[in-house]
Each structure stands twice: as C-alpha cells, then as structure tokens.
Amino acid sequence: MSLKTLGQDGESEIVTEDATFVHGEPPQDANGLPKVDSKVEVLHEKVTKQIIKEGHGPIPSKYSTCFLHYRAWTQSTRHKFEDTWDEQRPLEMILGKEKKEMTGLAIGVSNMKSGERALLHVGWELGYGKEGSFSFPNVPPLADISYEVELIGFDETKEGKARGDMTVEERIGAADRRKMDGNALFKEEKLEEAMQQYEMAIAYMGDDFMFQLFGKYRDMALAVKNPCHLNIAASLIKLKRYEEAIGQCSIVLAEDENNVKALFRRGKARAELGQTDAAREDFLKARKFAPEDKAIARELRLLAEHDKAVYQKQKEIYKGLFGPTPEPKPKRNNWLIVIWHWLLSLFYSVFRRERHKAD
C-alpha cells in the first residue's frame with residue numbers, strides 16, 4: 001500500500017511504501033563489504049546491483065528527490081572512504097542532477113525501491129574517473145567503486161527542487177509534513193514506515209542547516225526535528241533496538257539536556273540493556289523536571305525491585321560458593337570442674353541432713 005499526499009504548494013507528491021528496515025539500520029559489519037548471494041542485475045555497462053533487502057512500491061523517476069544512506073569502498077584496496085551511517089546524515093540526491101562522480105550511484109538508486117538495500121558495483125568511468133578524488137585521497141585514479149546503499153524514500157517532484165534551494169520556511173514546512181505522516185503511521189503501529197518518514201524529515205534539517213538558524217527559526221526547526229528523533233527512539237525501543245534508541249535520545253539531549261522525554265526513553269533503553277546505574281541517573285534527572293510523572297516513578301520502582309532481586313540472587317550464589325553457615329559447636333565441659341561441682345553438691349546435701357538430725 002502507498003500513502004500519497006500533496007504538499008502545500010500542490011506540486012510535491014510524497015511516496016511512502018510498505019518497506020522493511022527502512023530506517024537506515026546499519027549492517028552488523030560496518031567495515032567490510034557485505035556478503036551477498038542474490039542475483040546480479042546489470043543496470044548499465046558499468047553498473048551492477050545485488051539486492052540485500054527487498055523494498056516495496058515503485059522506483060523513483062527522473063528529478064525525484066531521493067534520501068539514502070550509503071557506504072563506499074574502492075574495489076582494488078577494499079578501503080572504505082565514506083559512510084553516511086557513521087555521520088548520521090543521509091544523502092539527498094536529485095536524480096538527473098547528481099554530481100558527476102555519483103553518476104553510477106544515481107543509476108543504482110534509480111533502480112531501487114523505498115526501503116531497499118543493495119550492493120552496487122560501479123566502474124571508474126561513472127565514479128571518480130581518471131584523476132581519482134581530491135576529497136578522498138584514498139580513492140586513487142581509475143578506481144572502481146562498491147557501494148552499499150539503502151534508499152530511505154523519495155519525493156516525486158516536478159522541478160526537482162533541492163533543499164539548498166528552499167527557503168527556511170519551506171524546509172521546515174516540508175520536514176513538518178514528513179513528521180505528521182510519520183505520526184499517522186506510528187499510531188497504526190507501522191513502525192518501520194514511520195521511522196522512514198521521520199528520517200526524511202530530519203534530512204531536511206541537517207547540521208549545516210541548523211548551524212545557520214537563530215532565534216525563532218531555530219526554535220521552529222527544533223520543534224519539528226526533536227520529536228522526530230524521540231519518535232524514532234520510541235519505535236526502536238518497541239523493536240528492541242536499544243542501542244540505536246539511546247543514540248537518538250542523545251542527539252536530542254545534546255540540544256536540550258533537560259528534555260524529559262529524551263531522558264525517560266534513554267533510561268528505558270539503558271534499563272533494557274542492563275545498564276541500571278545509567279538508567280537510574282536518567283530517570284532521576286527526568287523526575288526533577290516531572291516529579292508527578294507516574295511512568296518515571298514506575299521505572300524507578302522497577303529498577304529498585306530489580307536491584308533487590310539481583311542482591312538476593314548474588315547472596316544465594318555466594319552462599320553456595322562458601323557452603324552453609326556452620327552450626328555452633330557445643331562447648332566441651334571440663335570434667336574436673338564437673339566432678340568438683342558434684343562433690344560440693346554432695347557435701348552440701350550431707351551437711352544439711354546432719355544438721356537436720358542435730359536439730
């Protein structure tokens with residue numbers, strides 16, 4: 001199923017597909033090329049594709065604004081020279097208007113569906129060419145490139161307007177529409193699709209953009225951006241991806257160190273990972289700013305119960321290691337003292353009997 005809405009100007013069509021793993025979840029091995037056994041598709045004389053994870057829905061058309069995560073290696077040395085997952089900044093690419101060195105990558109992306117992850121092999125002619133790269137010194141001349149790419153999603157647009165060409169209001173407005181679409185999907189428990197929308201909303205407000213904002217415009221942008229991070233965190237907690245949830249909350253806390261929702265959700269993720277001391281620290285700080293919050297009180301109570309259970313368990317373990325507590329041994333009596341007491345008692349009895357006779 002696809003959800004299509006028109007932007008405020010009536011020209012931008014937002015495409016959201018039922019895709020899995022659309023949030024840009026990094027692979028387990030972030031350094032080496034992924035091992036892929038799927039069929040090799042020849043997209044161009046110099047571009048091949050192998051699907052790692054299937055996506056859904058249509059592929060983007062020319063001038064679509066695509067949002068993607070990728071990492072790139074030189075095929076000859078297997079050296080990784082770029083990774084947007086590490087930078088937490090998805091790339092925006094307008095198909096048909098991409099940089100020359102990304103021609104091969106664009107061909108691959110134009111043949112991908114929303115949520116799809118694929119391995120691309122690109123010949124040097126459609127990459128960094130004969131000279132290699134000055135920006136990436138590890139990309140030598142005539143270097144064939146391998147890309148691991150995930151298409152987060154795309155906007156079908158008539159003009160292919162890039163973020164850099166938008167006004168501040170347009171960018172915040174586009175991000176806010178994405179956030180609202182994400183909220184609707186989140187309420188329907190379509191968590192992966194919701195995260196896709198939040199991720200694309202955040203892509204409109206990268207660090208370079210936020211750095212330029214001051215006053216009310218910065219407040220407006222954060223009012224859209226921070227809830228996206230927090231809702232991504234809530235989704236990740238439900239999906240049991242706790243480390244990623246911690247990362248999303250920490251981004252918000254870097255901007256607003258006293259954000260109660262960020263502290264609470266980071267604490268919850270940390271508690272699930274067994275990081276009880278760090279979780280308690282987050283919950284206690286959150287309680288300072290929301291002392292009546294029942295959810296915070298409940299989590300602190302659960303931590304206290306957990307600590308008590310751990311203590312009892314450790315107590316049992318140590319008891320088993322060192323054995324049961326020995327019973328106190330009865331003290332040995334000194335027989336000489338016992339005999340002496342017996343003689344005194346006997347003497348006293350005789351003495352009383354003789355005295356009684358005398359009376």
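Phe-283, in this predicted model, is in contact (heavy atoms within 4.5 Å) with Phe-264, Gly-267, Lys-268, Ile-296, Glu-299, Leu-300 and Leu-303, once its neighbours within four places in sequence are left aside. Phe-283 also belongs to the largest nonpolar core, a group of 47 residues in which Met-205, Met-210, Phe-283 and Ile-296 touch the most other members. Such a core is a set of buried Ala, Val, Leu, Ile, Met, Phe, Trp, Tyr and Cys residues joined through side-chain atoms within 4.5 Å, where buried means under 20% relative accessible area, with exposed over 50% and partly exposed in between (1.4 Å probe, protein chains only). At least two residues of this core come from each of several helices, including H3 (168-187), H9 (276-289) and H10 (294-322), while H6 gives the most, with 10 residues; helices (H or I, at least four residues) and strands (E, at least two) are DSSP runs, numbered from the N terminus.

A second, separate core of 27 residues includes Phe-81, Met-102, Val-139 and Ile-145. In soluble globular proteins, nonpolar side chains tend to be buried together.

Turning to the strands, S7 (residues 91-94) is covered on both faces, with Leu-91 and Met-93 buried on one side and Glu-92 and Ile-94 buried on the other. Strand S5 (residues 65-74) pairs with S7 in the antiparallel sense over four bridges, pairing requiring that DSSP find at least two bridges between two strands, and Thr-65 has Ile-94 in S7 as its bridge partner.

As to confidence, pLDDT (the predictor's confidence in each residue, from 0 to 100) has a mean of 84 over the protein chain, and 82% of the residues reach 70 or more. Over residues 1-26, however, pLDDT stays under 50.

Residues are numbered from 1 along each chain as its sequence is written, and side-chain values use heavy atoms, with hydrogens and water left out. Local features need pLDDT of at least 70 and side-chain atom pairs count only at pLDDT 80 or more, whereas totals for chains, interfaces and linings use all residues.
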